[in-house]
Amino acid sequence: MKICVIGYGSAAATSLIAIDQFIKERNLKTVEVTCIHDPKTPTIKVGESTSAKFAETVAGLFGITNLYNNKKEFIKIINNFDGTLKQGTKFYWKKAHGNNFTINLSEQSFGLHLNSITFGSFIIKYIKKKNSYFNIIKTKVKDLTQDGNGVKVYCGKNVYEYDFVIDCRGIPEKTDLKDYSLPDTDFVNSVILYSKPVKNKTDNYTSATVHRNGWMFSIPLRNKTTWGYLYNNKITSSKEAIKEFSRIKKIKASKLRSFFWNQQFKKQAMEGRVLSLGNRLNLLEPTGALALHYYLKLLLTVLPDIMHEDGNYINFTYTSAIANRFHLESIQKMQDIIAINYCGMNNIKSAFWDYAKRKSNERLKNSADFKRWLHNYRNNRLTSYWDFSYNYFLSYINGYRINLGTKNVDVI
Ligand SMILES: Cc1cc2nc3c(=O)[nH]c(=O)nc-3n(C[C@H](O)[C@H](O)[C@H](O)COP(=O)(O)OP(=O)(O)OC[C@H]3O[C@@H](n4cnc5c(N)ncnc54)[C@H](O)[C@@H]3O)c2cc1C
């Protein structure tokens, strides 16, 4: 079986880790994997906070099965991409019913902070060095076509053929936008980024600090800390946001990098033999560091069907249906979790927060999944993976009152 992963960023690296795990676990002998990427097309260079599941999977690539007991060994490895173990997230959130709060990852587990500039290339080079099944082609992909027999990848004069392609080409071109939908949770769409070397770190927590135009994350990497000031450019001008961030961080505007993105998600994650992943699949926003975690979860749903018989017995139509259902359900649940971030448990009054609180409350009141979670929470019945994820965000909505159709329910 011939698999192609297009891209050299964090999503491509995540795909290659998951594929490597499958090949090794199932001792698959006839799989060939190729990474095609265009060195002239830059990566997005943002996205550095991840989950415990993500950290465990990266550790698995290096033969570490129990991350908690082998953290020293893992730290030596993640030094290569400036990584740190993540213990949780600290919120400086100006809450009405309490002060700041911390959400810790579950006991005996760590997430991973990674440097988005070096993570992809380090992982992909490592996999290349260790495995003869793996090959890299540096070229620009112009087009993809497929029929019942395989996928053709057009790269200038060369055309390559594969059984299955994972497309991690990053943010799509404007011409492809007809394949995408817009989420309700369009609260932030702009960021101002700033990194600086920091020698004496106090801890390994992602931090999230509320401000009048949105909120700001900070990620403690080994050799530097990165800050991202998030806002909505339809509410706050970039000039005003840069001025405000320069004031908060006491830094010249010329040292800042800023960009806007459109929040969107693909209507279909998998079309026949092509799975989209990374920002090609969906780009929502940084709340909860959900993105890389989600790409991994989706891949782990798809790969057992794709790779179970060494390529001899694969039903792509069936697998696409499963992947697309998983994708659309997950996007709805991720939006609930994002809405929890904005639903109002802070004291700030501003144009941004008025908009975000109103819209996120509307969403949660109409979300069947959120109501089901609240119901389970009230009855002390939390079972599924998503129940756990909602539960993880409980501290945000501590004190939240929601009308569940017939009665008001307080989350305490
Ligand atoms: C403000 C912000 C904060 C975020 N924070 C987080 C976070 O904390 N945690 C998290 O998990 N995610 C976060 N994300 C999402 C994050 O960007 C993605 O998880 C992650 O970086 C995936 O990027 P990617 O690999 O899809 O794309 P990229 O890193 O942009 O890589 C795209 C790759 O495709 C290649 N390529 C493009 N076109 C072609 C072509 N035609 N032919 C060949 N190769 C091509 C490029 O060369 C590149 O290698 C954040 C996003 C934003 C906007």
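Trainee: At what angle do helix α7 (residues 316-342) and helix α8 (residues 351-365) pack?
Mentor: About 140°, and their axes are 8 Å apart. Helices are DSSP runs of H or I with at least four residues, strands are E runs of at least two, both numbered from the N terminus. Axes are lines fitted to C-alpha atoms, for helices over the stretch in contact, with angles from 0 to 180 degrees between N-to-C directions.

Trainee: How are α7 and α8 set relative to each other, then?
Mentor: They're oblique to each other. Under 35 degrees is roughly parallel, over 145 roughly antiparallel, 65 to 115 roughly perpendicular, and the rest oblique. One caution: this is a predicted model, where local features need pLDDT of at least 70 and side-chain atom pairs 80 or more, while totals for chains, interfaces and linings use all residues. Residue numbers start from 1 along each chain as its sequence is written.

Trainee: Which residues make the contact between α7 and α8?
Mentor: From α7 you have Q335, D336, A339 and Y342, and from α8 there are A356, K357, S360, R363 and L364. Contact means C-beta atoms, placed from the backbone, within 7 Å.

Trainee: How does the contact of α7 with α8 split by class?
Mentor: Four residues are nonpolar, two are polar and three are charged. Ala, Val, Leu, Ile, Met, Phe, Trp, Tyr, Cys and Pro count as nonpolar, Asp, Glu, Lys and Arg as charged, and the others, Gly among them, as polar.

Trainee: Switching topic: how many helices and strands does the protein have?
Mentor: It has 10 helices and 23 strands. Its C-alpha trace spans about 60 × 50 × 50 Å along the principal axes.

Trainee: And the ligand, how many residues surround it?
Mentor: There are 34, and G9, G47, G170, G278 and A291 are the closest. A residue makes the list if its C-beta atom, placed from the backbone, lies within 6 Å. By class, that shell has 15 nonpolar, 14 polar and five charged residues.

Trainee: Which elements supply at least two residues of the shell?
Mentor: α1 (10-25), β2 (32-37) and α6 (291-307) do. With three residues, α1 gives the most.

Trainee: Okay, stay on α1. At what angle does it pack with α6?
Mentor: About 40°, with the two axes 10 Å apart. That's why α1 and α6 count as oblique to each other.

Trainee: How do the axes of α1 and α4 cross?
Mentor: At roughly 30°, and the axes of α1 and helix α4 (residues 119-130) come within 8 Å. That makes α1 roughly parallel to α4.

Trainee: Which residues of α1 and α4 make the contact?
Mentor: S10, A12, A13, L16, I17 and D20 are the α1 side; F119, G120, I123, I124 and I127 are the α4 side. Of the residues in the contact of α1 with α4, eight are nonpolar, two polar and one charged.

Conventions: Two residues are in contact if their C-beta atoms, placed from the backbone, lie within 7 Å.
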